[in-house]
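Hi,

Here is the structure I promised to pass on. Have a look at it first, and then read my notes below.

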Amino acid sequence: MRLWKKRDEDIFDYLDSKVDRAKLQSCCSHEINEINFLKLAVYIVSTYIATAISTCEFKVYNSDGLIKDINYYKLNVSPNPNDTGTKLKYKMVKELVQNGESLVVQYKNNLYFAEYFGYASESILGYEFDNVTIQNEPIAKEFNRKTSFYFSFDDEKVKSLLDTIDVKYKELLSCATKVYKNSLSNKWKLKIDTAKQNDPTFEEEFNDFVTSQLKEFLTSDEGVYPELNGYNLERLEKTDSKSDSSDIRNIRKDIFDMVSQSYKMPVSMMYGNVTNLKEVINQFITFAVKPYASLIGEEITRTLYTEQEILDGNRVEVDISSINYKDIFDIANGIDKLISTGIANIDETRKMVNLPVLDTEFSKQYWMTKNYSKIEEAVQEQLVPNSSSNESNNNSEYSNLEGGDVHEKK
């Protein structure tokens, strides 16, 4: 099967859809107009944060505690017929980080990420949105704050500063690129005999020699140089010995570092060379992920529930505890402490390490060791010896066990 086919002057793809020649030409162009390191850096940051939050469970609570209802199903499993919960969360968070805002609308009892949207009203009583496009389909309907999740987390000052810096660095990058290209290019000098220049046919001969024969020799991988009388071609020696792209890499590093600091991202994650993984991930979760997770949970909560319902305990929270990878053997002692102090039961701790819950009466029971008790009870036990201690003292008349027999002292 061919990807492209041509009929008359039009080009069609393998689905028989007409292809825009301008777009095709731009895709096939060999010239790189500019390298936008700022967009690349923001893309890296947004995909990191979106990937992290998309794997988080959106937990739904009511006054009785954690529940799994239709809201849980739509947020985590299947928001609409075409998307999974992970896919929807990834798209909305990536858009939020890159552009400072994103919109998810409730349409026909489903949740959809709005690829494009406009503002029908920006009233202080609540925004209204129109010209909404979901899954490449325009929707002729307006959405208000009760029928949509509008996420906004845009710092205009930071964005303005980054845009200003981007303009200046593009100028530096253009100069660095030219220097790099010039260092790799070959320069030639053509010497022409003075007597040759007085020849009446010199101009025609010169134009033919330079535009056809010499140009072909210089631009081809393999060529033959026709050396004529009166012409001498020499390579110019390079005055600048620098022929690497270190200047371009340094500009990229500056931009990456500034963007990572603006989004509170660990710089090492921008380059993928993380050494102290635990510290870096903790910093990433605390300063880069948690603010977005809190914003998303609050926006969904205030959209789905009334004021009284929220005060009664109804809410949605983004559980970011699952972002960091946990080795079950590294946290075994911690799990023991959680169970023995009554903080979590067996099912809850199994879920923390991605093990299936047992869902039994035993696994749902909370436990606490005797090491933990009220100080008053501990003091009382010391003041009033129990019967077991008296019995132990009485048994002190017997010697150690030998061969399974008890030998009484005489």
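One term before the notes: a crossing counts as right-handed if the near helix is turned clockwise from the far one by less than a right angle, and as left-handed if the turn is anticlockwise. Bear in mind too that this is a predicted model.

With that in hand, start with helix 2 (residues 37-54) and helix 8 (residues 246-262). Helix 2 passes helix 8 in a right-handed crossing. Their axes come within 9 Å and cross at roughly 45 degrees. On the helix 2 side, the contact is made by Phe37, Leu38, Leu40, Ala41, Val42, Ile44 and Val45. Helix 8 brings Ile248, Arg252, Ile255, Phe256 and Val259 to it. Sorted by class, the residues of this contact are 11 nonpolar, no polar and one charged.

The other helix pair I looked at is helix 4 (residues 85-99) with helix 10 (residues 277-304). Here the axes come within 12 Å and cross at roughly 115 degrees, and helix 4 also passes helix 10 in a right-handed crossing. Met92, Val93, Leu96 and Val97 of helix 4 meet Tyr292, Leu295 and Ile296 of helix 10. That contact has seven nonpolar residues, with no polar and no charged ones.

Helix 10 turns up again in the aromatics. A search of the whole structure gives 16 aromatic pairs. Take Tyr48 and Phe284: their ring centres are 6.2 Å apart and the planes stand at 65 degrees, so the pair is edge-to-face. It links distant parts of the chain, with Tyr48 in helix 2 and Phe284 in helix 10, 236 residues apart.

Now for the strands. Strand 7 (residues 116-123) and strand 8 (residues 126-134) run antiparallel and are joined by six bridges. If you want a place to start tracing, Tyr116 has Thr133 in strand 8 as its bridge partner. A hairpin of two residues connects strand 7 to strand 8.

Strand 8 then pairs with strand 9 (residues 137-139), again in the antiparallel sense, over three bridges. Ile134 stands opposite Glu137 of strand 9. These two strands form a hairpin as well, with two residues between them. Check Gln135 in that turn, which has a positive phi of about 50 degrees.

Cheers

Terms used: Residues numbered from 1 in each chain as written. Predicted model: local features only at pLDDT ≥ 70, side-chain atom pairs only at ≥ 80, totals over all residues. Heavy atoms only, no water. Axes fitted to C-alpha atoms, helices over the stretch in contact; angles between N-to-C directions. Helix = DSSP H or I, 4+ residues; strand = E, 2+ residues; numbered from the N terminus. Contact = heavy atoms within 4.5 Å. Nonpolar A, V, L, I, M, F, W, Y, C, P; charged D, E, K, R; others polar. Pairing = 2+ DSSP bridges. Phe/Tyr/Trp six-rings, centres within 6.5 Å; stacked < 30°, edge-to-face > 60°.
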